[in-house]
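Please keep the sequence and the structure in view while reading.

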Amino acid sequence: MNKLQFYSADVCPFAHRVRLALHEKAIPHELISVDLENIPAWYYEISPTGRAPLLKQGDQVIWESTVINEFLEDAYPDRPLLPINPISRAHARIWIQNCNNAFQPNFCGLVFELDESKHESIREALRDSLRDIEEGLAKTSPGPYWLGEELTLVDLTYYPFFEQALVLAEYRAFEMPQEHNNLNRWLAAMKSRASVQDNYRDADFYIKAYRPYVDGTIGK
Ligand SMILES: N[C@@H](CCC(=O)N[C@@H](CS)C(=O)NCC(=O)O)C(=O)O
């Protein structure tokens with residue numbers, strides 16, 4: 001099998017999802033960083049979207065972070081990151097969809113929205129999606145991870161946004177709610193993982209990296 005090439009960007013939460021999966025599954029790969037502020041012409045030649053992340057094996061490419069992570073799960077079944085039980089697998093995918101369709105659009109919407117008059121309604125929507133998550137976890141998860149005792153792709157799908165939440169506090173007057181006990185327990189468990197620690201970037205990094213986006217110097 002050709003060695004995987006993974007095209008990543010440190011600031012990108014979607015690429016972060018895949019870096020976590022590659023680490024958890026101990027998949028050998030070559031990591032290639034793409035400068036998202038100045039995307040090189042060669043990248044448009046291999047990427048159909050020009051976006052990170054992207055995985056390349058031989059002359060085949062795969063993009064979209066949640067699809068890439070499912071591909072890794074199919075192609076590298078050792079160290080599984082989805083439950084075996086089909087119902088639990090379906091529930092994992094529902095949570096992943098919830099991240100992509102509700103939580104993440106609100107999160108990114110608040111980061112990238114330049115019109116301040118719209119911020120309060122997005123903050124409200126983000127608070128609602130966090131409350132929905134907390135209620136869902138309280139009903140269904142014994143913890144410490146999203147689906148229970150084992151780490152899954154669901155954890156890796158949500159985590160990068162929680163590492164980056166300090167950007168919302170810095171630029172968008174949004175503090176993550178402290179009262180969500182299930183989410184707090186989950187975040188503490190995530191921070192103890194080697195995959196999370198090895199891919200961690202600190203507050204200074206994110207605050208600097210997002211400045212040109214939040215002040216509108218560059219488009220998203
Ligand atoms: N839905 C995609 C989102 C990827 C995405 O938005 N990547 C951003 C960086 S975080 C990007 O490459 N932006 C550069 C651009 O759009 O030109 C995924 O899950 O992989």
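## Overall build

How many helices and how many strands are there in the protein? In this predicted model, the protein has ten helices and four strands, and read along the sequence these follow the pattern β-α-β-α-β-β-α-α-α-α-α-α-α-α. The radius of gyration is 17 Å, close to the 17 Å that the globule rule gives for 220 residues, so the protein is as compact as a globular protein of that length. Along its principal axes, the C-alpha trace spans about 50 × 45 × 25 Å.

Of the 220 residues in the protein, 48% are buried. When contacts between residues at least 6 apart in sequence are considered, 71% of them join residues that are at least 24 apart.

## Surface and charge

The protein exposes about 11,200 Å², and carbon and sulfur atoms supply 50% of this area. Its side chains include 22 positive and 32 negative ones, and the centres of these two sets lie 1 Å apart.

## Helix α8 and its cover

Which residues of helix α8 are buried? In this helix, which runs over residues 181–191, they are N182, L183, W186, L187, A189 and M190. These residues cover an arc of only 160 degrees around the axis, and therefore they lie on the same side of α8. What covers the buried residues of α8 includes α5 (119–140), α6 (153–163) and α9 (194–198).

## Q104 in helix α4

Is Q104 buried or exposed? Q104, which lies in helix α4 (residues 86–112), counts as buried because its relative accessibility is 12%, and the cut-off for a buried residue is under 20%. Leaving aside neighbours within four places in sequence, Q104 is in contact with F14, C99, G109 and F161.

## L147 in the loop between α5 and α6

L147 lies in the loop between α5 and α6, and with a relative accessible area of 27% this residue is partly exposed. Which residues does L147 contact, leaving aside its neighbours within four places in sequence? The contacts of L147 are with P83, S88, A92, W95, S141, P142, T152 and V154.

The position of L147 can also be described relative to H180: the two residues are 33 apart in sequence, and their C-alpha atoms are 16 Å apart in space.

Note on methods:
Residues are numbered from 1 along each chain as its sequence is written. This is a predicted model: local features need pLDDT of at least 70, side-chain atom pairs count only at pLDDT 80 or more; totals for chains, interfaces and linings use all residues. Side-chain values use heavy atoms; hydrogens and water are left out. Helices (H or I, at least four residues) and strands (E, at least two) are DSSP runs, numbered from the N terminus. The radius of gyration is taken over C-alpha atoms; the globule rule is 2.2 Å times the number of residues to the power 0.38. Buried means under 20% relative accessible area, exposed over 50%, partly exposed in between (1.4 Å probe, protein chains only). Contact means heavy atoms within 4.5 Å. Accessible areas come from the Shrake-Rupley method with a 1.4 Å probe; for residues, only the protein chains shown count as cover. Lys and Arg count as positive and Asp and Glu as negative; His and the chain ends are not counted. The place of a charge is taken as NZ of Lys, CZ of Arg, CG of Asp or CD of Glu. The arc is that of the directions from the helix axis to the C-beta atoms.
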